[in-house]
Amino acid sequence: MLLFKTSRYINRKNILKERFKKDIYHFIELERKKYKLEYQLSHQLNEKLNSLTQSVPIDHNLDEWLYKIAVNLEEECFRIYITDKNGYQMTSNGMRVNKDWMLLPALKGSNWSWRPFFIENLIRMDEENKGILSDVYSDIETSESVRTFSFPIDYQLYLFIDIR
């Protein structure tokens with residue numbers, strides 16, 4: 001009788017062990033796919049923004065320059081803006097409303113350096129000379145799940161695009 005109970009216990013333990021092994025494998029595969037897609041998106045955005053920022057010369061009117069960039073990112077983002085190296089927003093918010101871009105000046109001059117990892121990301125962008133894709137977060141204005149792609153324009157200006 002004791003042998004039978006022990007045998008059932010070992011058999012059940014092995015079944016649970018195998019199920020756990022499959023669950024871990026499934027989890028690892030999902031994480032790999034997620035990170036691979038994030039890497040691909042980040043790479044594509046870096047390529048596109050490198051090309052755009054080289055083909056659209058930056059001028060003194062940053063709002064006009066931002067608009068020229070925004071119209072080329074209709075598939076990628078719904079909001080776009082530029083900050084300086086201290087986190088001050090230097091442009092209006094470019095917002096895509098339906099299929100049109102609007103420049104909304106209300107947040108121009110706001111400071112975003114208080115956001116977690118903001119300063120760290122600026123340093124990383126400068127050191128790596130490429131953009132960074134944030135983790136998913138809940139947008140304050142829309143409560144939607146979004147990501148922000150941050151991209152160094154030059155040594156003092158950074159482009160931020162919000163992606164749904």
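Where is the place of Ser42? I looked it up first: Ser42 sits in helix α1, residues 2-55. Helices here are DSSP runs of H or I with at least four residues, strands are runs of E with at least two, and both are numbered from the N terminus.

**Ground rules**

I am working on a predicted model, where local features need pLDDT of at least 70, side-chain atom pairs count only at pLDDT 80 or more, and totals for chains, interfaces and linings use all residues. Residues are numbered from 1 along each chain as its sequence is written, and side-chain values use heavy atoms, with hydrogens and water left out.

**Ser42, continued**

Buried or exposed? Ser42 is buried, at 14% relative accessible area. I take buried as under 20% relative accessible area, exposed as over 50%, and partly exposed as in between, with a 1.4 Å probe and protein chains only. Next I checked what Ser42 touches, leaving aside neighbours within four places in sequence: Gly131, Leu133 and Phe149. A contact means heavy atoms within 4.5 Å.

**The whole chain**

I count three helices and seven strands in the protein chain. From the N terminus on, the order is α-α-β-β-β-α-β-β-β-β. The chain's radius of gyration is 23 Å, well over the 15 Å that the globule rule gives for 164 residues, so the chain is more spread out than a compact globule. That radius is taken over C-alpha atoms, and the rule is 2.2 Å times the number of residues to the power 0.38. I also noted the span of the C-alpha trace along its principal axes, about 85 × 30 × 30 Å.

Of the 164 residues, 34% count as buried. I then looked at contacts between residues at least 6 apart in sequence: 45% of them join residues at least 24 apart. The accessible surface comes to about 11500 Å², and carbon and sulfur atoms hold 56% of that. Those areas are from the Shrake-Rupley method with a 1.4 Å probe; for residues, only the protein chains shown count as cover.

Charges next. I find 24 positive and 24 negative side chains, with the centres of the two sets 15 Å apart. Lys and Arg count as positive, Asp and Glu as negative, and His and the chain ends are not counted. Each charge is placed at NZ of Lys, CZ of Arg, CG of Asp or CD of Glu.

**Cores**

Which residues touch the most other members of the largest nonpolar core? Of its 22 residues, they are Leu49, Ile69, Ile80, Leu159 and Ile161. At least two residues of this core come from each of α1, α2 (62-70), β1 (79-84), β6 (145-152) and β7 (157-163). Helix α2 gives the most, with five residues. Apart from this core lies another, of eight residues, among them Phe118, Met125, Ile132 and Phe160. By nonpolar core I mean a set of buried Ala, Val, Leu, Ile, Met, Phe, Trp, Tyr and Cys residues joined through side-chain atoms within 4.5 Å.

**Two Asn residues with positive phi**

Asn98 has phi near 60 degrees, a positive value in a residue other than glycine. Asn98 is in the loop between β2 (93-97) and β3 (100-104) and counts as exposed at 71% relative accessibility.

Asn129 has phi near 55 degrees, again positive in a residue other than glycine. I find Asn129 in the loop between α3 (118-128) and β4 (132-133), where it counts as exposed at 62% relative accessibility.

**Ser92**

Ser92 is in the loop between β1 and β2, and at 3% relative accessibility it counts as buried. How far apart in space are Ser92 and Pro105? I get 4.1 Å, C-alpha to C-alpha, for two residues 13 apart in sequence. Leaving aside neighbours within four places, Ser92 has contacts including Asp63, Leu66, Leu103, Pro105 and Lys108.

**Ile153 and its distances**

Ile153 is in the loop between β6 and β7.

Then two C-alpha distances. Gln54 and Ile153 are 99 residues apart in sequence and 9.6 Å apart in space. Ile153 and Phe20 are 133 residues apart in sequence and 47 Å apart in space. Gln54 itself lies in helix α1 and is exposed, at 68% relative accessible area.
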